Amino acid sequence: NLATLRAEGQWELDFFGRHAAALNAALGQQRAAAAELQAARVLLSSRLARGWIELARLLDLRAVAEQTLAQRETQLALTRRRVAAGLDTELELRLAQGPVPDARAQIEALDGQIALARHALAVSSGQPPQALASARPALGPLQQAPLPERLGADLLGRRADVVAARWRVESAQAQVAGAQADFYPDINLVGQFGLNALGLDRLFQLGSRQYTAGAALRLPLFDGGWLRARLGVRAAEADAAVASYNTTVLDAAREVADAGALLLALQRQQVQQREAAAAAESAWRLATQRHEAGLTGYLTVLAAESAVLAQRAGTVELKARALDTQVALMRALGGGWRDDTPALASR
C-alpha cells in the first residue's frame, strides 16, 4: 500500500559554451542544407532554360533545313530540264541528285533530336514525355537586365553553393568549439520534489512531502585521450570545410570568368555573322535581279541562295550559343547579374 508521486528536474550550467556550440553547429548544418536546396533549384531552372533554348535551336535549324531541301529539289528539277534540253550532261544530273537525300536525312535527324529534347524537357518539369509534343519555342532575348561592363565579385556571395559552403565552415568551427568545451567540467543542478506515504489516503497530507536539491560536478579526468582524438577529428573536419569553401569560391569565379569571356566572344562573332549574312542576302538579291533581267541563269540564283541558307543556319547556331551562355552566366552568378539581394533580405 505504498503511494509515491515524484517529479525530478536537472539543469546543466553551460559555463563553457558546450551546448551553445552544439546549437550553432546544428543551425549551420540546417542552413547549409537550405542553401543546397536553393542551389538545386537554380541548377534545375538553368537546365530547363537551356533545354528550351536547345529545342528552339533545333526547330529553327529544321526550318532552314526545309528551305535547303526545297532549294535542292528546285536545283535538281532545273538540272533535269537542262539535261533534257542537251545543255547539261549526266554528270551534272548526278551531282544535283546527291544533295536531295542528304537534306532529307538532315531533316530526319533533326526530327529525332527535337523529339528527344521535348521528352527531356517534359520529364525535367515533372510531366509525361509526350506533354510537350506541340511546343515550339523561339530564340528570343532573355528577360534580364543588360549585362554590365564589369561584374563585381560580391555577386558570387549570392551563389547558394558558396553560401552552403560558408555555413558548413561555421558549423565545423562550432563543432571544434564544442570539442574544446568537453575538456572542462560539467556542473549540473538537480532537484526533486515528491509525495510518499503509506496508503493513498495519506498521499496528499503535509507530512508526506519529500524534496531534495543539490549540485553534481563531473570532471573529465580519465577521458583525455578520447577527447584529444575527437578534437583532432573536429579540427581536421573544419580544415576540410575551409578548403572546400575556398575551392567552391574559386570554381565560382572561374565559371563566371569563362561564361563572361565566351559571351563577349560570341557577341563579336555575331557582329561578323550579321555582316556575312547581309553580304550573302545582297548577293542573292543581285543574282535574282540579273536573272530576271535575263543576264544570268537560275542556277546562279540557287547557288547564291545556298550561301544565304548556310548563313541563316550559322546565325541560328550563334544566337542559341549566346543565349545558352547567358543562362550559364546567370547560374554562375547565382541567378543573374542584377543584385536584388537587399530587396529580398528586406522581405
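This is a predicted model: local features need pLDDT of at least 70, side-chain atom pairs count only at pLDDT 80 or more; totals for chains, interfaces and linings use all residues.
View 1. D251 has its place in helix 5, which covers residues 224-292. Between D251 and G17 there are 234 residues in sequence, and their C-alpha atoms are 35 Å apart in space.

**View 2. The aromatic pair of F16 and Y184.** A search of the whole structure returns 1 aromatic pair. The ring centres of F16 and Y184 lie 4.7 Å apart with their planes at 15°, so the pair is classed as stacked, the limit for that class being planes under 30 degrees apart. Because F16 belongs to the loop between strand 1 and helix 1, while Y184 belongs to the loop between helix 4 (160-181) and strand 2, the pair ties together parts that are 168 residues apart in sequence. Both residues of the pair are partly exposed, F16 with a relative accessible area of 39% and Y184 with 42% relative accessibility.

**View 3. Pairing of strands 1, 2 and 3.** Strand 1 (residues 2-13) and strand 2 (residues 186-198) run antiparallel and are joined by 12 bridges; across this pairing, W11 stands opposite L189 of strand 2. Strand 2 is also joined to strand 3 (residues 209-218), again in an antiparallel arrangement, through 10 bridges, and here L195 has R209 of strand 3 as its bridge partner. As a general point for reading such a view, the side chains of a regular strand alternate between the two faces of the sheet.

**View 4. The second largest pocket and its lining.** The second largest pocket holds about 300 Å³ of space, and its lining is made up of 16 residues, among which V64, T68, R72, Q106 and L309 lie nearest the centre of the pocket. The elements that contribute two or more residues to this lining are helix 1 (18-84), helix 3 (99-124) and helix 6 (298-332). By residue class, the lining of the second largest pocket divides into 10 nonpolar, 5 polar and 1 charged.

**View 5. A charge over the ring of W167.** In this close-up, the charged end of R166 sits over the ring of W167, at a distance of 5.1 Å from the ring centre.

Notes: Residues are numbered from 1 along each chain as its sequence is written. Side-chain values use heavy atoms; hydrogens and water are left out. Two strands pair if DSSP finds at least two bridges between them. Helices (H or I, at least four residues) and strands (E, at least two) are DSSP runs, numbered from the N terminus. On a 1 Å grid over the protein atoms alone, a cavity is a set of points where a 1.4 Å probe fits but cannot get out, and a pocket is an open set with protein on both sides within 12 Å along at least five of seven lines; lining residues have an atom within 4 Å of a point. Grid points are joined across faces, edges and corners, and a volume is the space filled by probe spheres set on the points. Ala, Val, Leu, Ile, Met, Phe, Trp, Tyr, Cys and Pro count as nonpolar, Asp, Glu, Lys and Arg as charged, and the others, Gly among them, as polar. Rings of Phe, Tyr and Trp (its six-membered ring) pair if their centres lie within 6.5 Å; planes under 30 degrees apart count as stacked, over 60 as edge-to-face and the rest as tilted. Buried means under 20% relative accessible area, exposed over 50%, partly exposed in between (1.4 Å probe, protein chains only). A charge sits over a ring if NZ of Lys or CZ of Arg is within 6 Å of the ring centre and within 35 degrees of the ring normal.
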